[in-house]
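Biologist: I've got this one open on my screen and would like to talk it through. Can you walk me around it?

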Amino acid sequence: MVLNASSPGPIVGLTAYLDRAQMGVWDICAGVLPANYFQGVTMAGGIAVLLPPQPVDPDIANRVLDRLDGLVITGGYDLDPAAYGQQPHPATDEPRAARDAWELALLRGALDRGLPVLGICRGAQVLNVALGGTLHQHLPDVLGHDGHRAGEGVFTRLPVRTVAGTRLAALVGESADAACYHHQAIDEVGAGLVVSAWDPDGVVEALELPGDAFVLAVQWHPEQSLDDLRLFAAVVGAARAYAGLSRR
């Protein structure tokens with residue numbers, strides 16, 4: 001889709017990482033995000049804005065959200081288990097407190113105002129924890145294998161079956177070939193959320209909030225296959241509708 005001045009796309013914010021980056025002679029801490037995330041948004045007709053971790057409170061989050069038509073909570077490091085009342089597993093990443101606080105504040109503000117939300121991998125876990133759910137901190141302990149994260153940056157392809165009648169099933173049909181790279185997953189489902197996809201191991205692969213607002217999160221990585229833009233097109237379409245309502 002080609003954007004033009006008479007028909008601008010909706011503005012979709014994507015949360016970013018605060019991490020080490022090497023650029024030429026520079027080796028620095030930077031706000032970064034793999035390009036395929038925001039390429040998915042722009043290819044679907046949206047205008048992508050990156051949202052790096054920073055000090056936050058509800059007022060700051062709301063000022064940011066005032067300028068967005070949609071929000072994507074991206075993948076990345078594990079959430080601090082303290083957010084869902086657990087001690088860390090030895091395999092759980094060191095906490096990234098700034099990113100956790102930033103994303104939880106943005107997400108809660110987005111849910112309060114009905115802003116369209118797409119969660120990806122960690123984003124699904126953030127949504128679940130924000131609504132009172134918990135996580136399996138290390139799937140190999142639960143399943144007895146590490147088939148959901150092969151390691152070394154290699155994504156595992158898993159068949160995922162959707163739940164009939166859900167928003168996800170309407171978007172992708174009965175099944176999807178999911179690119180997975182996660183060692184954590186949904187355990188207790190958060191209040192109000194419904195499971196909209198499972199994998200053959202019985203792992204929750206997608207969650208959504210029923211209702212008019214677009215709130216959908218998948219445990220897999222749709223940004224790894226930009227020949228299939230259905231999830232990005234869905235959040236951009238919902239953002240476009242939200243922008244139209246806001247203008248009216």
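**Strands, helices and salt bridges**

Modeller: Let's start in the strands: Val72 sits opposite Leu118 of β6. Keep in mind that this is a predicted model.

Biologist: In which sense do β5 and β6 pair?

Modeller: Strand β5 covers residues 70-73, and β6 runs over residues 117-120. DSSP has 3 bridges between β5 and β6, and the sense of the pairing is parallel.

Biologist: Which residues of β6 point the other way from Val117 and Gly119?

Modeller: Side chains in a regular strand alternate between the two faces of the sheet. In β6, Val117 and Gly119 point one way, and every one of the four residues is buried. The ones pointing the other way are Leu118 and Ile120.

Biologist: Moving on to α1, how wide an arc do its buried residues cover around the axis?

Modeller: Helix α1 spans residues 35-43, and its buried residues are Asn36, Tyr37, Gly40 and Val41. They lie on the same side of α1, because the arc they cover around the axis is only 145°.

Biologist: Which residues are joined into one network with Arg99 and Glu103?

Modeller: Arg99 and Glu103 make a salt bridge of 2.8 Å, N to O. The two are 4 residues apart in helix α3, which means about one helical turn between them. Both Arg99 and Glu103 are buried. Through salt bridges that share partners, the network also takes in Asp100 and Arg122.

Biologist: Last one: what is the area of the nonpolar surface patch with Met23?

Modeller: Met23 is in strand β2, residues 17-23, and counts as partly exposed because its relative accessibility is 44%. Met23 makes the patch together with Val25, Trp26 and Ile28, and the area is about 460 Å².

Methods. Residues numbered from 1 in each chain as written. Predicted model: local features only at pLDDT ≥ 70, side-chain atom pairs only at ≥ 80, totals over all residues. Heavy atoms only, no water. Buried < 20%, exposed > 50% of the residue type's maximum accessible area, 1.4 Å probe, protein only. Arc of directions from axis to C-beta. Patch = residues over 30% accessible without salt bridge, like charges linked within 9 Å, V, L, I, M, F, W, Y side chains within 5 Å. Areas by Shrake-Rupley, 256 points an atom, 1.4 Å probe, with all protein chains shown as cover. Salt bridge = Lys/Arg side-chain N within 4 Å of Asp/Glu carboxyl O. Pairing = 2+ DSSP bridges.
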